Amino acid sequence: MDSQKVDMFIMMNGKYFKGEHLNYIRERLLMADESKWTMIQSLDLKDPTVILIVSIVGGGALGIDRFLIGDTGLGVAKLLTCGGAGIWTIIDWFLIMDITKDKNMEKLQAFL
């Protein structure tokens, strides 16, 4: 793939991934075919900051943050336990951004 396209992708979507993954993503995108470019651009990446805000504002106790990142089973469990009596909700405030970035990486790796 063209290095200019790869750099543009990294600039526009770098906030959706962990810093240590960016070099790996760049290398994999440079080796990828041009035919994958449109699929990679159409990925539905979740913004970790938005997920954190949803978790803090009130969706954390109801599991909405977990539903948004695709963890349906954990979302249902969090909903039924009212966020693990609030303990799970508080723990997720510190972990949900990294979990979201990992989910985004899993989505991207499916295309690489």
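Select Cys82 to begin: this residue is exposed, with a relative accessible area of 52%, where exposed means over 50%, buried under 20% and partly exposed in between, computed with a 1.4 Å probe on protein chains only. Before moving on, note that this is a predicted model, in which local features need pLDDT of at least 70 and side-chain atom pairs count only at pLDDT 80 or more, while totals for chains, interfaces and linings use all residues. Residues are numbered from 1 along each chain as its sequence is written, and side-chain values use heavy atoms, with hydrogens and water left out.

**Helix H7**

Cys82 lies in helix H7, residues 82-85; helices here are DSSP runs of H or I with at least four residues, strands are runs of E with at least two, and both are numbered from the N terminus. The phi of Cys82 is near 55 degrees, a positive value in a residue other than glycine. Most residues other than glycine have a negative phi. Now select Ala85, also found in helix H7, where phi is again near 55 degrees and positive; Ala85 is exposed, with a relative accessible area of 70%.

**The whole chain**

Zoom out to the protein, whose secondary structure comes to eight helices and zero strands. The C-alpha atoms fill a box of roughly 50 × 20 × 15 Å along the principal axes, and of the 112 residues 36% count as buried. Among contacts (heavy atoms within 4.5 Å) with a separation of 6 or more, 63% are accounted for by residues 24 or more positions apart.

**The annotated span**

Colour residues 46-94, which an unreviewed UniProt entry lists as "domain: TM2"; such annotations may be inferred rather than shown by experiment. The end C-alpha atoms of residues 46-94 lie 17 Å apart, and the span is 80% helix and 0% strand.

**Helix H4**

Next select helix H4, residues 48-59, whose 12 residues have end C-alpha atoms only 14 Å apart, short of the 16 Å that a straight helix would reach at 1.5 Å a residue, the expected span being 1.5 Å times one less than the number of residues. Which residues of H4 are buried? They are Pro48, Ile51, Leu52, Ser55 and Gly59, and they cover an arc of only 140 degrees around the axis, which puts them on the same side of H4; the arc is that of the directions from the helix axis to the C-beta atoms. These buried residues pack against helix H5 (64-69) and helix H8 (87-109). At the start of H4, a side-chain oxygen of Asp47 reaches to within 3.2 Å of the backbone nitrogen of Thr49.

**Thr100 in helix H8**

Move to Thr100, placed in helix H8, which counts as buried at 1% relative accessibility. Leaving out residues up to four places away in sequence, Thr100 touches Lys46, Asp47, Pro48, Ile51 and Ile69. The C-alpha atoms of Thr100 and Asp47 are separated by 7.6 Å, although these residues are 53 residues apart along the chain. A polar atom of the Thr100 side chain lies 2.7 Å from the backbone oxygen of Ile96.

**The largest nonpolar core**

Of its 16 residues, Phe9, Phe17, Ile25, Leu29, Ile40 and Leu108 touch the most other members. Two or more residues each come from helix H1 (3-13), helix H2 (22-31), helix H3 (37-41) and H8, and the largest share, three residues, comes from H1. Centre on Ile25, which touches Phe9, Ile10, Phe17, Met105 and Leu108, not counting residues up to four places away in sequence.

Definitions and conventions:
A polar contact is a pair of N or O atoms within 3.5 Å; within protein, one must be able to donate a hydrogen and the other to accept it, and residues adjacent in sequence count only if both atoms are side-chain atoms. A nonpolar core is a set of buried Ala, Val, Leu, Ile, Met, Phe, Trp, Tyr and Cys residues joined through side-chain atoms within 4.5 Å.
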